[in-house]
Structures are given as structure tokens and as C-alpha cells.
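Please open the structure in a viewer and keep the selection panel at hand. The stops below proceed from a single side chain to a sheet.

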Amino acid sequence: MRNNIYILSDAHLGSWAIEHGRTQERRLTRFLDEIKHKAAAVYLLGDMFDFWYEWKYCVPKGYTRFLGKLSELTDMGVEVHYFIGNHDIWMYGYLEEECGVILHRKPETVELHNKVFYFAHGDGLGDPDKKFKIIRKLFHNSLCQRMFSMVHPRWSMWFGQAWAKHSRMKRGNEKEPPYMGEDKEYLVRFTKQYMKTHPNVDYFIYGHRHIELDLMLSHNTRMMIIGDWVWQFTYAVFDGEHLFLEEYEEGESKM
């Protein structure tokens with residue numbers, strides 16, 4: 001019986017900064033294959049691609065194993081929800097039409113098995129970085145998107161991949177800063193503020209930060225940042241009663 005809800009994010013497939021990219025994609029598709037008979041739904045919380053941009057008549061090459069597995073899941077009746085991140089904003093119908101995914105362009109509140117979930121990639125939610133805010137606004141601007149679409153993919157894809165690589169490499173060890181504590185972690189601050197006007201949410205689930213965090217914010221409210229599929233290979237799973245944060249090991253998908 002398919003009952004579980006699986007949640008994962010931040011694979012950054014195709015990244016020029018990841019040397020083990022093909023192995024990483026195979027590992028991701030093996031995980032999806034192992035859970036396909038147990039999953040009622042899969043929620044992908046953004047940045048599954050390091051850079052994704054769709055033109056009217058073409059899409060980025062590659063990712064055939066991953067896209068094929070998404071199509072297999074939806075053909076089986078598994079709901080696959082995709083929340084755009086800050087690396088894959090530019091989706092214009094291909095994944096919905098060809099792979100059957102349900103695309104979300106903003107955070108969503110969803111009721112699953114009588115529990116209320118708030119799902120979001122996490123970018124733009126309380127982040128105080130002014131430079132990031134300006135870049136994010138440009139990336140989401142429809143005029144800027146149309147202008148970028150006029151550039152030949154030979155050059156625009158190179159630019160996008162190079163930008164994404166620079167974004168990762170500038171961190172030095174290629175990884176995000178560690179957890180900064182409740183007072184400084186901007187997703188925690190955002191969540192606490194949001195809870196004041198939305199006390200009915202049971203679980204807040206985010207990607208984006210590339211860290212694992214499982215935090216009780218009140219007696220009834222729990223927040224998770226679910227790591228990544230670059231180095232950690234972590235995911236959340238909800239079985240209808242309990243929510244777990246797990247690490248995938250080959251051949252050992254327990255839930």
C-alpha cells in the first residue's frame with residue numbers, strides 16, 4: 001500500500017562543481033526506484049538542478065535518468081510536487097507536460113493525513129542579504145526572463161552553469177555555513193514569525209540551506225531543514241503518523 005510522503009531537495013544535478021555528478025544522479029534515481037511502491041507522493045523542494053532554463057523549443061540536455069524516473073512515478077499514480085528553488089526558477093511547462101509533475105512557484109500549505117505542512121524551498125524567506133534580494137528579484141522578473149530567452153542556449157546555458165558553479169565555489173569548501181542558532185538562522189526566525197498568524201501548521205519543511213535541522217518550536221510545531229542530495233543524501237518521510245529525517249544508504253530505504 002502506497003501511503004508514505006517523501007520530501008527531498010537540493011540535488012543540484014548538472015553542477016560543474018560536483019565531480020561525481022553521474023554517480024549522484026544514479027543514486028538519486030535508485031532511491032526513487034526503491035520508494036516507488038511505498039510513496040503516495042514525493043515533494044521536491046527545489047534546486048534539484050543546478051541550473052535549469054526552458055526555451056520554447058528546447059530544454060537543457062541530460063538528466064535522462066532522473067526525468068525518466070519522475071515520469072515513471074507519475075505514470076504509476078504517485079504525485080510528484082516540484083517547488084522551484086533559486087537555481088531552477090525558469091520552468092515553463094516541460095516537467096508538467098512531459099513528466100506529469102505538479103509545479104509550485106511559491107510556498108504552499110498542504111494538509112496530509114490530517115496534519116498541516118508548510119512546504120518551501122526557503123530562499124527569500126527572511127534572508128537579510130541585500131545582494132541576494134536584488135539578484136532574486138531580477139531572476140523572477142518577467143522582462144529579464146524574456147530577454148534572457150532571446151540569447152542562444154549555447155551561450156545562456158554556459159552563463160547559467162558558470163554562475164551556478166561560482167555561487168558554490170565561492171564558499172571555499174563548497175558547503176553552506178553550519179547552523180547559526182535559533183536567533184541567527186533566518187529560516188527559524190521567519191518560521192517563528194509566521195507561526196504567530198498561522199498557529200495551525202504542524203510541520204514547516206525547507207531545503208535551500210544544505211544543512212540538517214530538526215527543531216521543535218512549540219508543543220505542536222516542528223521545523224525541518226532537510227539537507228541535500230549532493231553530500232548528505234537526506235530526506236524526510238511522513239508515514240501518516242510520524243515524521244522522520246533519514247539518510248539514504250544504498251539498498252537501505254527503510255520507510
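A polar contact is a pair of N or O atoms within 3.5 Å; within protein, one must be able to donate a hydrogen and the other to accept it, and residues adjacent in sequence count only if both atoms are side-chain atoms. This is a predicted model, in which local features need pLDDT of at least 70 and side-chain atom pairs count only at pLDDT 80 or more, while totals for chains, interfaces and linings use all residues. Residues are numbered from 1 along each chain as its sequence is written, and side-chain values use heavy atoms, with hydrogens and water left out.

Select D123 and R136: their side chains form a polar contact of 2.9 Å. D123 belongs to the loop between β6 (115-120) and α4 (130-140); helices (H or I, at least four residues) and strands (E, at least two) are DSSP runs, numbered from the N terminus. With a relative accessible area of 7%, D123 is buried (under 20%; exposed is over 50%, partly exposed in between; 1.4 Å probe, protein chains only).

Next, display the contacts of D123 (heavy atoms within 4.5 Å). Beyond its neighbours within four places in sequence, they are G85, N86, F132, R136 and H208.

Now select the open sheet of six strands, ordered β4-β3-β2-β1-β10-β11 with mixed pairing; two strands pair if DSSP finds at least two bridges between them. β4 (102-104) and β11 (243-247) are at the edges with a single partner strand each, so one side of each has no neighbour in the sheet.

Finally, select β1 (residues 4-8) and β2 (residues 39-44), which pair in the parallel sense over five bridges. N4 is opposite A39 in β2.
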